[in-house]
Amino acid sequence: MVLDKYARGISDLRISLTDRCNLRCTYCMPKEIFGKDYQFLRKNEWLRFTELDDLVEAFVQLGVRKVRLTGGEPLLRPGLVKYIHGFHRFPQIEDLAITTNGLRLAEKAAELKEAGLNRVTVSLDALEPELCGTINGRGIKPELILAGIDAALGVGLGVKVNMVVERGVNCGEILPMARKFKKMGVTLRFIEFMDVGNCNGWNQERVVSGREILQQIEQEFAVEPVDLTSNNEVAKRYRYADDTAEFGLITSVTQPFCGGCTRARISADGKLYTCLFASEGMDLKAFMRSDDYSKADLLARLMKHWGARDDNYSEVRSMQQTTKSKIEMSYIGG
Ligand code: SAM
Ligand code: SF4
Ligand code: SF4
């Protein structure tokens, strides 16, 4: 039975372009598990750009106006810039964004902007060099990622920064990160450590709640909540009282927002997921490569599948008895 509460439209589409990554963040792709023997998708398993175009066309008909490209690391997908350029054929898309670890952003920012990208969200979890390198699993220092952020700002891309906060790891970085990005006028979003996937050693004690994060920030800054412009907004937004800079709290664990969750997610191998914590998705690629494929049928299948969803994992997290393995964050892209 579909509960009215969960009969919600689709506001945005997240497309994972690859499950591969050039980092091994401890909370996402711990290197002990994502080592050289890990079976990533083969490139011929990825949805082709032409197939993605059909999907975007269908989702636009279902009301989607925002698309985010993610991964794994989306800047690793060959042909990305040309693919972004192709979005000009969808004038209905008002916002085209990418989530990236920023490693290749300095070299790519100008061509991404030129191709039509509107915004980037860059992930960075610490400014202290040793800690940053430990968290990203590859010893990458923050300077490289900050250079990517500067380049994106320099070419006029909208920029936000995501920081996953984990107890015992980077709580001491909350204030230094807040100070840095306040000064730069860049919105920093603090994300509660989530139990996505099966291998990041998540437990409730390691979650630093949005409330605790806010308390830390309020020790140094006067802040005020910002009225939400859209009810699809997942971050709770705050403004510093003494300037226009903002920050956000993404409290998916302590204050879940399943009832307002309107994101469709496509994995790199063409499965549709209606929840980050799902075990199984709807295999669109198999259908799109079959003799039965038609655009009209694709639209009908998407509508049917979406209409039947009743996802509410975060609201019932503590009652979950499931032993099913969940999809990994690097596969579905956040
Ligand atoms: N590689 C790109 C990046 O890191 O920005 C895009 C993909 S990454 C999976 C998307 C977002 O998910 C990043 O901002 C990352 O910090 C976040 N993320 C990954 N694992 C997470 C977890 N266990 N809890 C909360 N956020 C997580
Ligand atoms: Fe890679 Fe992004 Fe996951 Fe870090 S969070 S391992 S950069 S996919
Ligand atoms: Fe959406 Fe699933 Fe997260 Fe709830 S748990 S907000 S349904 S992705």
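How many nonpolar, polar and charged residues does the shell around ligand 2 have? In this predicted model, where residues are numbered from 1 along each chain as its sequence is written and chains are lettered from A and ligands numbered from 1 in the order in which they are written, that shell has five nonpolar, two polar and no charged residues. Local features need pLDDT of at least 70, side-chain atom pairs count only at pLDDT 80 or more, and totals for chains, interfaces and linings use all residues, while side-chain values use heavy atoms, with hydrogens and water left out. The classes are as follows: Ala, Val, Leu, Ile, Met, Phe, Trp, Tyr, Cys and Pro count as nonpolar, Asp, Glu, Lys and Arg as charged, and the others, Gly among them, as polar. The residues around ligand 2 (those with a heavy atom within 4 Å of it) are Cys21, Leu23, Cys25, Cys28, Met29, Gly72 and Asn101.

Turning to ligand 1, 19 residues surround it, the closest being Tyr27, Gly72, Ser123, Asn162 and Met194. Here the shell comprises seven nonpolar, 10 polar and two charged residues. Strands β3 (95-100), β5 (158-165) and β6 (187-192) each supply at least two of the shell residues; strands here are DSSP runs of E with at least two residues, and helices are runs of H or I with at least four, both numbered from the N terminus. Polar contacts (pairs of N or O atoms within 3.5 Å) also reach this ligand. A polar side-chain atom of Ser123 lies 2.6 Å from an oxygen atom of ligand 1, and one of Asn162 lies 3.1 Å from an oxygen atom of ligand 1. For Asn200, a side-chain N or O atom is 3.2 Å from a nitrogen atom of the ligand. Taken alone, ligand 1 exposes 540 Å², of which the protein buries 95% (accessible areas by the Shrake-Rupley method with a 1.4 Å probe).

The helices can be followed in pairs. Helix α3 (residues 105-115) packs on helix α5 (residues 142-154) at an angle of about 15°, with the axes 8 Å apart; axes are lines fitted to C-alpha atoms over the stretch in contact, and angles run from 0 to 180 degrees between N-to-C directions. That makes α3 roughly parallel to α5, given that angles under 35 degrees count as roughly parallel, over 145 as roughly antiparallel, 65 to 115 as roughly perpendicular and the rest as oblique. Helix α5 in turn packs with α6 (residues 174-184) at about 20°, their axes 13 Å apart, which makes α5 roughly parallel to α6. Finally, the axes of α6 and α7 (residues 210-220) come within 10 Å and cross at roughly 60°, and these two helices are therefore oblique to each other.

Notes:
A polar contact is a pair of N or O atoms within 3.5 Å; within protein, one must be able to donate a hydrogen and the other to accept it, and residues adjacent in sequence count only if both atoms are side-chain atoms.
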